[in-house]
Amino acid sequence: MLYRSIVVEGFSQKSLKRGVKRALQVILGLHLVTQADYCLRGTPHTAQRAVFEREFDFSIQGFPKDVEQNEGKVSRIANVAQKEKLEKPFDLSAIRISSKNYFEKSLFGQLEHIVVSGGEAYSGINYPFVGRIYINNDSVYSSTIHHEIKHAKTDELIFSNPEFEERWRALTVDQEGESLYLGYPSWVLPKVRVVGKFFPRKEVRDYEKNGFVSPYAALGFYEDVAETCEEAEASSDKFAKWLYAEKNEKIIAKIDLAQEYQLIPKEFSEYVAVRKSFKEKDLLEEKIEVKKEELEDKVGILLEESAAFLAEHPDSVYEINLRKRRGRLLEKEENYEDAIREYKLGLIAKFKDHDDYPDLLSDIADCHKKLGNSEKVSLYLRAKEKYDQGWKANDVHIAVYGVNDFLRENGGF
């Protein structure tokens, strides 16, 4: 009986080991299959991707259902990449849109899915000095794309200008000279499954007072630079407060550095000042007892300030927005012909901002309607429809250049 027991036990242990080994082989084989699928079906050659790569000299990767089969996703990436390219050229090999499906992730993505609560530690990630950006499928916003490209630009910058990092870090210390950065573990560890509850998230108190544009910027040098520059690309009025109203000296110093090293346009601070003036005019209009003469004076000053900015910075990425604002001032004064001229100048500006370009087409149509030019109204409404359809269909050419060729062919210019 003892002999029989030993034999059975030995056989059971061998069977267990054999079973574990086979299970590991199956798991490994499955993941090898997923990686083959990730590389083959996840990098197809489509018309949209081909046009994008010719335009920007880097590729878009990801499964079609996560890329071109989503309305406007490729268009959004192209629009942001164009703005960043005009501000300062950069080098990338690819932007990959990562699937939410575990079996369609890279090995690193699968590990992240297992370890991190919710399956994702970041909305996007730039691999330093590799030239590859990964963005989660549900995080393909303009802000995220800008953020990751700013990381790539920072990599290039500190390679050629290593003093930039030292100068930036000097702005992020407390009165004792200690760094204010919290470090990445303070953000990642709370997200780890099971053990995350033992690591409460840390945040810098009064982050703005300490010179950070967001709590996330306080994690470290790279995030601070990317968050600051990302926020500068947004259309919010936060910088009007930080640069002029409350004068946050640390943020001002960071913006000066970012402008000096071309991580954001050198004219950014001036543009914020002009935007601030437009905002003040809007607030003035909301007052019940505002004198007509006072408002007219403000409009005149705005037109002068914006004209001076555009003359000094003729190729600015901000031109299209200022042309729209100037046109609307003139349109409100019923000066429709001059308004149309401003709107058209906006259409031919180098950067075709998706927040402004379709508005210009609608505004020109409105002006022609008030002038009784029904044919022109029809033309610009058709142009607007063509633009909207092209954007949704991920037409890279339209996302970058608009529909100006259509307008020229049909007498719009």
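Modeller: Before we start, a helix here is a DSSP run of H or I with at least four residues, and helices are numbered from the N terminus. Keep in mind that this is a predicted model.

Colleague: Thanks! Which helix gives the largest share of the lining of the largest pocket?

Modeller: That is helix 11, with eight residues.

Colleague: And how much space lies in the largest pocket?

Modeller: About 810 Å³. Its lining has 40 residues, and Ser235, Arg275, Asn321, Asp353 and Asp355 are the closest to its centre. Among the elements that give two or more residues to this lining are helix 8 (221-233), helix 9 (238-245), helix 11 (268-286) and helix 13 (319-332).

Colleague: What makes a residue of that lining count as charged, and how many are charged?

Modeller: Asp, Glu, Lys and Arg count as charged. The lining of the largest pocket has 17 charged residues, along with 15 nonpolar and eight polar ones.

Colleague: Which residues of helix 3 and helix 5 make the contact?

Modeller: Helix 3 brings Arg76, Ile77, Val80, Ala81, Lys83, Glu84 and Glu87, while helix 5 brings Ser142, Ile145, His146, Ile149, Lys150 and Lys153. By class, that contact has six charged, five nonpolar and two polar residues.

Colleague: What makes helix 8 roughly perpendicular to helix 9?

Modeller: Their angle is about 110°, and their axes are 9 Å apart. The range for roughly perpendicular is 65 to 115 degrees. About 110° falls inside that range, so helix 8 is roughly perpendicular to helix 9. In this pair, Thr228, Glu231 and Ala232 of helix 8 meet Lys238, Phe239 and Trp242 of helix 9.

Colleague: Which element gives the most to the lining of the second largest pocket?

Modeller: Helix 5 does, with five residues. The second largest pocket has a volume of about 360 Å³. Of its 20 lining residues, Tyr122, Gly124, His151, Tyr216 and Glu223 are the closest to its centre. Strand 3 (124-127) and helix 8 are among the elements that give two or more residues to this lining.

Colleague: How many residues of that lining are nonpolar, polar and charged?

Modeller: Eight are nonpolar, seven polar and five charged.

Conventions
Residues are numbered from 1 along each chain as its sequence is written. This is a predicted model: local features need pLDDT of at least 70, side-chain atom pairs count only at pLDDT 80 or more; totals for chains, interfaces and linings use all residues. Side-chain values use heavy atoms; hydrogens and water are left out. Contact means heavy atoms within 4.5 Å. On a 1 Å grid over the protein atoms alone, a cavity is a set of points where a 1.4 Å probe fits but cannot get out, and a pocket is an open set with protein on both sides within 12 Å along at least five of seven lines; lining residues have an atom within 4 Å of a point. Grid points are joined across faces, edges and corners, and a volume is the space filled by probe spheres set on the points. Axes are lines fitted to C-alpha atoms, for helices over the stretch in contact, and angles run from 0 to 180 degrees between N-to-C directions. Angles under 35 degrees count as roughly parallel, over 145 as roughly antiparallel, 65 to 115 as roughly perpendicular and the rest as oblique.
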